[in-house]
Amino acid sequence: MRDIDRALVQAATAVAKLRCRSDNHTLAAAVRTPDGRVFSGVNVYHFTGGPCAEVVAIGAAATAGAGELEAIVAVGDRGRGVIPPCGRCRQVLLDYFPSIKVIVGPPDGLRAVPVADLLPETYVWSDHQVEVPAVPRTGVWPMPVVPGSRQSAED
Ligand SMILES: [Zn+2]
């Protein structure tokens, strides 16, 4: 693993240690742009399905105007180390950043792998979009007549 990937793990670890101090925030993620900028985020736990740290970090990068992302890692609180992304995050990463590398593995064997390696035989959303012709508009809209809403011709 490259030094800049190790630095990304350190960045996420620092955010996890500093900001993940309750059950509401238990993971921190860090992303890196090709020009070396790093953005981070923590998960927002909620029983309705709060966002994972990876998604929050992607949003933070987007908020700052970052375009492409080249690497991401998530780290758990309480010294749990690198945590692999959940299935939903893997799909989001693949669809938004098909060439991103994800740092995974045990502490003594961390490696940066292409996101596609984490989703073999995956569904690629953009590959399955079909051009649907627009519904022709006639310019005549059949307005429904609601009783009592119009004056009749006899009035
Ligand atoms: Zn996730």
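A: Let's start at one pair of strands. Val102 has Val113 as its bridge partner in β6. Helices (H or I, at least four residues) and strands (E, at least two) are DSSP runs, numbered from the N terminus.

Q: What is the numbering, and what kind of model is this?
A: Residues are numbered from 1 along each chain as its sequence is written. This is a predicted model, where local features need pLDDT of at least 70, side-chain atom pairs count only at pLDDT 80 or more, and totals for chains, interfaces and linings use all residues.

Q: Back to the strands. How many bridges join β5 to β6?
A: Four bridges join them, and the two strands run antiparallel. Strands pair if DSSP finds at least two bridges between them. β6 covers residues 111–114.

Q: What sits between β5 and β6?
A: Six residues, in a hairpin. Gly105 in that turn has a positive phi of about 115°.

Q: Which way does β5 run against β3, parallel or antiparallel?
A: Parallel, over two bridges. Ala71 stands opposite Lys101 in β5. Ile72 stands opposite Val102 in β5.

Q: And how does β3 pair with β1?
A: In the antiparallel sense, over six bridges. Ala30 has Val73 in β3 as its bridge partner.

Q: Is β3 buried or exposed?
A: Five of its six residues are buried, so β3 is largely enclosed by the rest of the structure. The cut-offs use C-beta atoms placed from the backbone: a residue is buried if 20 or more other C-beta atoms lie within 10 Å of its own, exposed if 12 or fewer, and partly exposed in between.

Q: What about β2, mostly covered or mostly open?
A: Mostly covered, with four of its five residues buried. β2 is joined to β1 by five bridges, and these two strands run antiparallel. Arg32 has Val38 in β2 as its bridge partner.

Q: What does the turn between β1 and β2 hold?
A: The two strands form a hairpin with five residues between them. Gly36 in the turn has a positive phi of about 90°.

Q: Let's switch to helices. Where is Ala12?
A: Ala12 is in helix α1, residues 3–19.

Q: Why does Ala12 count as buried?
A: Because Ala12 has 29 C-beta neighbours inside 10 Å.

Q: What is Ala12 in contact with, leaving aside neighbours within four places in sequence?
A: Ala28, Ala29, Ala30, Ser40, Val73, Ala74 and Val75. Contact means that the C-beta atoms of two residues, placed from the backbone, lie within 7 Å.

Q: How far apart are the C-alpha atoms of Ala12 and Ala28?
A: They are separated by 5.6 Å, though the two residues are 16 apart along the chain.

Q: What else does Ala28 touch, beyond its neighbours within four places in sequence?
A: Its contacts include Val15, Ala16, Arg19, Cys20, Ser40 and Val42. Ala53, Ala74 and Val75 are also among them.

Q: How many residues are in the largest nonpolar core?
A: It has 37 residues, and those with the most contacts inside it are Ala12, Ala28 and Ala29. Such a core is a set of buried Ala, Val, Leu, Ile, Met, Phe, Trp, Tyr and Cys residues joined through C-beta atoms within 7 Å.

Q: Which elements give two or more residues to this core?
A: α1, β1, β2, α2, β3, α3 and β5.

Q: Which residues of α2 are buried?
A: Ala53, Glu54, Val55, Val56, Ala57, Ile58 and Ala61. What covers them includes β1, β2, β3 and α3. Just after α2, Gly65 takes a positive phi of about 85°.

Q: Where is Arg78?
A: In the loop between β3 and β4. Those two strands form a hairpin with four residues between them. They pair in the antiparallel sense over two bridges, and Val75 stands opposite Val82 in β4.

Q: Is Arg78 buried or exposed?
A: Arg78 counts as exposed, with 10 C-beta neighbours inside 10 Å.

Q: And what is the phi of Glu121?
A: Near 55°, a positive value in a residue other than glycine. Glu121 lies in the segment after β6. Glu121 is exposed, with 4 other C-beta atoms within 10 Å.
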